[in-house]
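Thanks for coming. I will keep this short and go through a few local features, one after another.

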Amino acid sequence: MLPHAEAVDAAVVSAFEHTGADAGLSGGVRVVAPDGFGAYVLTPGLRPLIHEHPELDVAIVTATAHSVLTMRDFDLAITLEEPSPHAGVVRHLANYELGLYASKAYMRKHGRLNGLDDLESHVVIWYVEALLDVAPLRFLETLLPGIRARVQTTNITGHHQAARAGVGIAPLPTYIGEGDDALTRLLPGDFAVRRRYWEVAPREISRLARVRALRAALDRIVVEHPQLSPGTGPPLAAAPRTR
């Protein structure tokens with residue numbers, strides 16, 4: 001009965017939204033996003049939306065795991081894996097790139113890299129392979145055969161902070177690496193991993209004004225970010241200022 005109850009609830013909320021002209025958005029919206037995108041892109045980019053709608057609450061749940069696609073308790077999800085059309089309203093949101101980064105202090109101490117084979121003598125930082133169930137990120141063995149990650153953590157913030165502290169070399173999204181003056185990119189011609197972000201909203205709530213406003217805000221964030229490029233999904237006009 002849950003999908004039917006959710007559809008009824010969404011219809012009631014939508015009806016109230018259409019009667020609250022120019023009142024501003026209110027209520028809450030929950031977003032599930034990968035750790036990197038949620039912490040480094042989405043959260044810092046929310047300022048215009050929050051300032052325009054002071055009664056709107058945004059909850060961001062970050063997790064880089066396949067399980068986010070099976071969660072029901074969200075209004076919008078950003079994923080690294082293309083969701084099934086049965087999951088809701090799906091679109092390709094953005095493209096991004098990962099490169100190899102290390103601190104400038106680390107490179108001064110350990111010397112420059114002449115090629116990917118040189119990584120064998122360096123500390124590589126990456127996810128805990130046994131716990132990494134997101135297929136688009138399982139590329140280390142393919143692109144760097146024979147290279148093992150000596151430092152492993154389940155959170156990309158840990159990768160970033162370890163690289164920044166001079167622990168070793170980490171594959172990082174360029175939207176993290178290029179924004180940190182303490183880091184330098186290594187071998188960009190040899191290592192550049194391009195990946196996509198997908199957006200999915202449960203079909204029964206995708207037309208709610210607050211969800212449409214968040215999706216439009218995501219479009220703006222992607223277009224304005226120097227290290228992201230828009231996906232092939234159609235851009236959305238901002239929702240009208242209704243409750």
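Predicted model: local features only at pLDDT ≥ 70, side-chain atom pairs only at ≥ 80, totals over all residues.

Residues are numbered from 1 along each chain as its sequence is written, and side-chain values use heavy atoms, with hydrogens and water left out.

Helices (H or I, at least four residues) and strands (E, at least two) are DSSP runs, numbered from the N terminus. Start with helix α8, residues 209-224. The expected span of a helix is 1.5 Å times one less than its number of residues.

Is α8 mostly covered or mostly open? Mostly covered: 12 of its 16 residues are buried. Buried means under 20% relative accessible area, exposed means over 50%, and partly exposed is in between, using a 1.4 Å probe and protein chains only. Among the buried ones are R210, R215 and D219, along with V211, L214 and I221.

Next, the helix pair. Helix α2 (residues 35-42) packs against helix α6 (residues 156-164) at an angle of about 70°, with the axes 8 Å apart. Axes here are lines fitted to C-alpha atoms, for helices over the stretch in contact, and angles run from 0 to 180 degrees between N-to-C directions. Since 65 to 115 degrees counts as roughly perpendicular, α2 and α6 are therefore roughly perpendicular to each other. In contact (heavy atoms within 4.5 Å) are D35, G36 and Y40 from α2 with I156, T157 and H160 from α6.

Now the strands. β4 (residues 89-103) and β7 run antiparallel and are joined by four bridges; two strands pair if DSSP finds at least two bridges between them. Y101 stands opposite A170 in β7. In a regular strand the side chains alternate between the two faces of the sheet. In β7, residues 170-173, A170 and L172 point one way, P171 and P173 the other, and all are buried.

Last, the loop between β8 (183-186) and β9 (193-201), where L187 is found. L187 has a phi near 50°, a positive value in a residue other than glycine. Most residues other than glycine have a negative phi. L187 counts as buried, at 13% relative accessibility. P188, in that loop too, is partly exposed at 49%. P188 and G99 are 89 residues apart in sequence, yet their C-alpha atoms are 6.5 Å apart in space.

Key:
Parallel < 35°, antiparallel > 145°, perpendicular 65-115°, else oblique.
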